[in-house]
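Visitor: Hi, I've just opened this one and could use a hand. Can we walk through it together?
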Amino acid sequence: MLKTPVAKTRAPVAMQLTTDLVERTIRVVEDEGPEPNWTPISSRQLDELVSSVEQGGGDEEIWVFAYGSLMWNPGFDVSASEEAVAHGWHRAFSLRIERLRATSDAPGLMLALRPGGSCTGLILKLPCATKKQDLRTLLAREIRYSEVCDMVRWVTVRTATGTRRALTFWASTKQSQLTEKISLDDAAVLIAQACGPAGSCAEYLHRTVSDLVDRNIHDRNLWQLQEMVASKLRAMPED
């Protein structure tokens, strides 16, 4: 059972970004391959990244701080979980993409962890029996390109049972063109337009905010963003 480390405020009204609006953004999109101008991470580089993370974790169990899609789609069997707060960090749609949930003609945004503020999410424990395999699968999912291998790091989070060290994925400042700070209005434009073979950015936003609401976690920026995306979608002509 999840513990509650801090008092939280439930969103006061229903989401404006409804499933009907999200459905307007979904369309069949052909897979165009890797992100343009980025180098897919090689098997050797992935092995090195796994080893580096394992060394950083020592002999201890590995917990992952989830703040976006890992909360509602972790991709591995979670052996334990706790609600957690990462102080000094906040979630933001600042990871520019032209693939997955976007295209080069209609680029989009995904979530990344950025410095400043605080972020309430979950920590997820990798099963001890399959830790190395699950870690490799997780890193392959989150770190797809060799240029962004530095976008994985350890952070200290606070839970109801104390502090823990957890692995997470952040908007490294070394990749400024990929992870630059974006205003909510500009983010709403990109999210409203973007769809790729994995679905739309509006769908990703909707699922994330819905999951946060279900957990009684209120993220002010994401709540405002879903309202702005909903407004832009309502203003678009239906096909």
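Visitor: What's going on with the backbone just after helix 2?
Guide: Gly58 sits there, with a positive phi of about 65°. Keep in mind that this is a predicted model.

Visitor: OK, and how far apart are the end C-alpha atoms of helix 2?
Guide: They're 21 Å apart. Helix 2 covers residues 43–57, and at 1.5 Å a residue its 15 residues should span 21 Å, so the two agree.

Visitor: Which residues of helix 2 are buried?
Guide: Leu46, Leu49, Val50, Val53 and Gly57. Looking down the helix axis, these buried residues fall within an arc of 100°, so they line one face of helix 2.

Visitor: Why would residues a few places apart point the same way?
Guide: An α-helix has 3.6 residues a turn, so those three or four places apart do that.

Visitor: And which residues are exposed on the other side of helix 2?
Guide: Arg44 and Gln55 are exposed over there.

Visitor: What covers the buried ones?
Guide: The cover for helix 2's buried residues includes helix 4, strand 4 (152–159) and strand 5 (162–169).

Visitor: Switching topic: how much space is in the largest pocket?
Guide: About 880 Å³. Helix 3 (69–72), strand 2 (80–97), strand 3 (108–125) and helix 4 (131–142) each give two or more residues to its lining.

Visitor: Which residues lie nearest its centre?
Guide: Leu100, Met110, Arg141, Glu142 and Arg144, out of 37 lining residues.

Visitor: How many of the lining residues are charged?
Guide: Ten are charged, alongside 22 nonpolar and five polar residues.

Key: Residues numbered from 1 in each chain as written. Predicted model: local features only at pLDDT ≥ 70, side-chain atom pairs only at ≥ 80, totals over all residues. Heavy atoms only, no water. 1 Å grid on protein atoms, 1.4 Å probe; cavity = no way out; pocket = protein on both sides within 12 Å on 5 of 7 lines; lining within 4 Å. Points joined across faces, edges and corners; volume = space filled by probe spheres on them. Helix = DSSP H or I, 4+ residues; strand = E, 2+ residues; numbered from the N terminus. Nonpolar A, V, L, I, M, F, W, Y, C, P; charged D, E, K, R; others polar. Expected span 1.5 Å × (residues − 1). Buried < 20%, exposed > 50% of the residue type's maximum accessible area, 1.4 Å probe, protein only. Arc of directions from axis to C-beta. Contact = heavy atoms within 4.5 Å.
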